[in-house]
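Subject: Structure handover

Hello,

Here is the structure I promised to pass on. Please open it next to this email and follow along.

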Amino acid sequence: MEELISHVDEKDELIDYRPRSEFYKSEMIHRTVWVLLFNSLWQMLIQKRSENKKESPWLRSCSVSWGVGIEDYETAAKRETKEELGIDVEVRKLFKYKRNRKYSNPYFKEVYEATHDWPLTIQEEEIAEILRADVERIEKDIQENPHKYTEWFKKLLQIYLQDGR
């Protein structure tokens with residue numbers, strides 16, 4: 001059975017739950033979470049998305065991301081971190097924003113931060129490679145190699161550096 005995702009209105013009030021596939025190329029609004037994972041040296045973990053990803057395969061993105069199913073944002077953040085990286089973490093909410101895109105599905109996104117030292121057990125269907133670096137190095141690499149990163153990660157990092165840190 002296909003995973004159900006929270007379908008919400010313009011105020012992020014729940015309407016119902018829909019199969020994930022219904023949100024691709026649709027105007028229905030859904031909920032998503034991102035987790036920025038840091039180690040004790042304050043290096044951020046970024047993932048290179050696997051070739052299996054429907055959107056932006058092989059590009060670098062945040063530590064963890066996923067649609068919110070039949071749960072709240074924080075629970076989804078913890079669950080996805082466990083599924084994608086094999087670790088249990090406590091998360092701290094940084095900020096929330098709404099994306100409106102003309103040619104893709106709009107969503108509300110809550111962004112969380114967590115800390116954990118390696119090792120990790122990555123979910124290979126989702127993640128091709130794990131990279132870690134300090135935020136300033138990632139920011140510089142994005143400037144030098146913007147084609148290697150998802151558009152939404154570039155936007156997220158910009159918001160994080162302005163407001164979330």
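**Ground rules**

This is a predicted model: local features need pLDDT of at least 70, side-chain atom pairs count only at pLDDT 80 or more, and totals for chains, interfaces and linings use all residues. Residues are numbered from 1 along each chain as its sequence is written, and side-chain values use heavy atoms, with hydrogens and water left out.

**Overall fold**

The chain has three helices and nine strands. Helices here are DSSP runs of H or I with at least four residues, strands are runs of E with at least two, and both are numbered from the N terminus. Starting at the N terminus, the order is β-β-β-β-β-β-α-β-β-β-α-α. The radius of gyration is 15 Å, close to the 15 Å that the globule rule gives for 165 residues, so the chain is as compact as a globular protein of that length. That radius is taken over C-alpha atoms, and the rule is 2.2 Å times the number of residues to the power 0.38. The C-alpha trace spans about 40 × 30 × 30 Å along its principal axes.

Of the 165 residues, 50% count as buried. Buried means under 20% relative accessible area, exposed means over 50%, and partly exposed lies in between (1.4 Å probe, protein chains only). Take the contacts between residues at least 6 apart in sequence: 61% of them join residues at least 24 apart. A contact means heavy atoms within 4.5 Å.

Start with β3, where 10 of its 10 residues are buried. In a regular strand the side chains alternate between the two faces of the sheet. In β3, one side carries Ile29, Arg31, Val33, Val35 and Leu37. His30, Thr32, Trp34, Leu36 and Phe38 are on the other.

Which strands pair with β3? Pairing requires at least two DSSP bridges between two strands.

- β1 (residues 4–8) runs antiparallel to β3, joined by two bridges. His7 has His30 as its bridge partner.
- β4 is also antiparallel to β3, over two bridges. Here Met44 stands opposite Phe38. The hairpin of β3 and β4 has five residues between the strands, and Trp42 takes a positive phi near 65 degrees there.
- β6 is antiparallel to β3, with four bridges. Ser65 is the bridge partner of Trp34, and Gly67 stands opposite Thr32.
- β8 runs parallel to β3, joined by nine bridges. Phe38 has Thr115 as its partner in this strand.

β6 is covered too. Val64 and Trp66 point one way, Ser65 and Gly67 point the other way, and all are buried.

**The loop between β4 and β5**

Look next at Ser56, in the loop between β4 and β5 (60–61). Its phi is near 55 degrees, a positive value in a residue other than glycine. Leaving aside neighbours within four places in sequence, Ser56 is in contact with Arg49, Thr150 and Trp152. The C-alpha atoms of Ser56 and Tyr149 are separated by 8.7 Å, yet these residues are 93 apart along the chain.

Trp58 is found in that loop between β4 and β5 as well. Its phi is near 70 degrees, again positive in a residue other than glycine. Trp58 counts as partly exposed, at 44% relative accessibility.

**The largest pocket**

The largest pocket holds about 490 Å³ of space. The elements that give two or more residues to its lining are β3 (29–38), β4 (44–49), β6 (64–67) and β8 (107–115). The lining has 23 residues, and Arg20, Tyr24, Arg49, Lys53 and Glu55 lie nearest the centre. By class, seven lining residues are nonpolar, seven are polar and nine are charged.

On terms, a pocket is an open set of points on a 1 Å grid where a 1.4 Å probe fits, with protein on both sides within 12 Å along at least five of seven lines; lining residues have an atom within 4 Å of a point. The volume is the space filled by probe spheres set on the points, which are joined across faces, edges and corners. Asp, Glu, Lys and Arg count as charged; Ala, Val, Leu, Ile, Met, Phe, Trp, Tyr, Cys and Pro as nonpolar; the others, Gly among them, as polar.

Best wishes
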